[in-house]
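Hi,

Here is the structure I promised to pass on.

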Amino acid sequence: MGSQRHSSKKECFILSVDVGTTSIRCHVYDKEANVRGACTTEVVPLYPETGYVEMDPDAIWKGFITVVKGAVQDAGVQMRQIEAMGISTQRGTFTTWDRTTGVPFHNFISWQDQRAADLVKSWNSSCTMKVRQAVAEDNCCFGTIDTWILFKLTKGRVHATDYSNASSTGIFDSYQMCWSGFLSFLVSLPLSIFPKVENTDHYFGSTDPSIFGVSIPILSVMADQQAAMFGECCFDVGDVKITMGTGTFMNINTGSKPHTSVAGLYPVVGWKIVSEVVYLAEGNAADTGTAIKWAQELELFSDVQETSDMAYSVSHSDGVCFVPSFSGLQAPHNDPKACASLMGLKPSTTKSHLVRAILESVAFRNKQLYETMLRETCIPITKIRVDGGVSANDFVMQLTADLFGRKISRPQHYETSCLGAAFLAGLGKGFWRTKEELKRLQVIDKTYLPQGAPKGGACSPNVEYIPALRSWERALRRSMNWYKP
């Protein structure tokens, strides 16, 4: 990407790394927020037992170093031209390690892992003994991926996280803005091992010069969905961001107060900058990109870019309904025992019908999350932005706009988690001055208007899809409570 253009030594840049569920990527940004260099490496999850999803801490660390060096080289710049670093990471994935040696006691337990509150009891006894001994000696550190990366980058000097990451662990009280003693007790984790929680735009220290040859200030740490929200410039109450990657995450800016939900929306801290705290309400569907990748492995198509054309090649799904529930159903159903299913198959069903049904299911889940958000928050929607790999699919995007009856905009760069962390680090360095300046730097790749919408971009949802949506909802109900204890 950036290897064709070499920079003047006087130019300065912001570097940002996003540690995701399936990959680690690094971007080098110039003053116009153009990506001058990029590098990506794969994250390989581990599945030691059914329902267990883990990650190797050392592999994450090595991947982080690889993409930083690769992106700087791709940009044709020097490390000393990097003014600041921002870090965005997947949320809720954690490990514990020895404070003195920095050696982890166990692999990262992924946010996708199904052990939940019983996970501490399920660790092998030797690991548990090591953790207990380290806790007794005040030598145990708990941390999500951002905390682990910070610890490694600073050679053990910094054990910290930010409010957006902390609020996504399930052990943080977003109302009191502190670690919850009660919740930590429920999962058998003493408060003494938790990292210090800092502002999202805090100066988290600088990288040890032995790592990259120079010391780079770390000026932002953000959870990936909150970083994507910031990268989409969803700064105002009522702004909505939909990230469609491995799963779908829909967030609405609720302003200075956390939203209390009865249907399973999560109140998380979007970011805390100086004294300003911005909260988000979040709904998610776990199996978006997962369902499409599964279809590809079944050889329903060879290239994911074919799927939109395949879906458009037939006028309907021939009565086929797909329920994307490999990991259970989240809001508004909240059923971990739901199963993924294909219903309505018949001899006339083709690959195109199956692909259309799978893509429809992504848009149908978007519709459910959107309606839940409208009903629960009662906040007027100001704008809707989309990002993530699946947002490149025109069929899914157009159907989502039709079902919402709202205009949806997709940015030129889908990977906005990197951009959000870079924006915040750049603001801290004075690389960019204001949020209004960031808004002017945004480039919209494509806008999807619902059928029949005026230029304003809002109209009644597409009624033609009501029968198909109702059939799908019936299939979804039949898929619920499938797995019995």
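Below is what I found in it, starting with the ground rules.

This is a predicted model, so to speak of local features I needed pLDDT of at least 70, side-chain atom pairs count only at pLDDT 80 or more, and totals for chains, interfaces and linings use all residues. Residues are numbered from 1 along each chain as its sequence is written, and side-chain values use heavy atoms, with hydrogens and water left out.

A word on naming: helices (H or I, at least four residues) and strands (E, at least two) are DSSP runs, numbered from the N terminus.

Two strands count as paired if DSSP finds at least two bridges between them.

As you know, strands of a sheet pair through backbone hydrogen bonds, either parallel or antiparallel. Strand 1 gives you both kinds. Strand 1 (residues 13-19) pairs with strand 2 (residues 23-29) in the antiparallel sense over six bridges, and these two strands form a hairpin with three residues between them. With strand 5, strand 1 runs parallel, joined by seven bridges.

Is strand 1 buried or exposed? Seven of its seven residues are buried, so strand 1 is largely enclosed by the rest of the structure. Here buried means under 20% relative accessible area, exposed over 50%, and partly exposed in between (1.4 Å probe, protein chains only). In a regular strand the side chains alternate between the two faces of the sheet. Both faces are covered in strand 1: F13, L15, V17 and V19 are buried on one side, and I14, S16 and D18 on the other.

**A helix pair**

Helix 11 (residues 351-377) packs against helix 12 (residues 394-404) at an angle of about 40 degrees, their axes 9 Å apart. The crossing is right-handed, a term for the near helix being turned clockwise from the far one by less than a right angle (left-handed if anticlockwise). Helix 11 contributes R356, L359, E360, V362, A363, F364, N366, K367 and Y370 to the contact, and helix 12 contributes F395, V396, L399, T400, L403 and F404. Contact means heavy atoms within 4.5 Å. Those residues divide into ten nonpolar, two polar and three charged, where Ala, Val, Leu, Ile, Met, Phe, Trp, Tyr, Cys and Pro count as nonpolar, Asp, Glu, Lys and Arg as charged, and the others, Gly among them, as polar.

**Single residues to look at**

- E282 is in strand 17 (residues 276-285) and is buried, with a relative accessible area of 3%. Its side chain makes a polar contact of 2.7 Å with that of N251 (a pair of N or O atoms within 3.5 Å; within protein, one must be able to donate a hydrogen and the other to accept it, and residues adjacent in sequence count only if both atoms are side-chain atoms). Beyond its neighbours within four places in sequence, E282 touches several residues, among them R91, Q225 and Y266.
- Q305 sits in the loop between helix 9 (289-297) and helix 10 (307-312), and counts as exposed at 67% relative accessibility.
- A33, in the loop between strand 2 and strand 3, has a positive phi of about 65 degrees although it is not a glycine. At 8% relative accessibility, A33 counts as buried.
- M177 also has a positive phi, near 60 degrees; M177 lies in the loop between strand 10 (172-173) and strand 11 (178-179).
- The peptide bond from A331 to P332 is cis, with omega near 5 degrees. P332 is in the loop between strand 18 (321-323) and strand 19 (341-343).

Cheers

Key:
Axes are lines fitted to C-alpha atoms, for helices over the stretch in contact, and angles run from 0 to 180 degrees between N-to-C directions.
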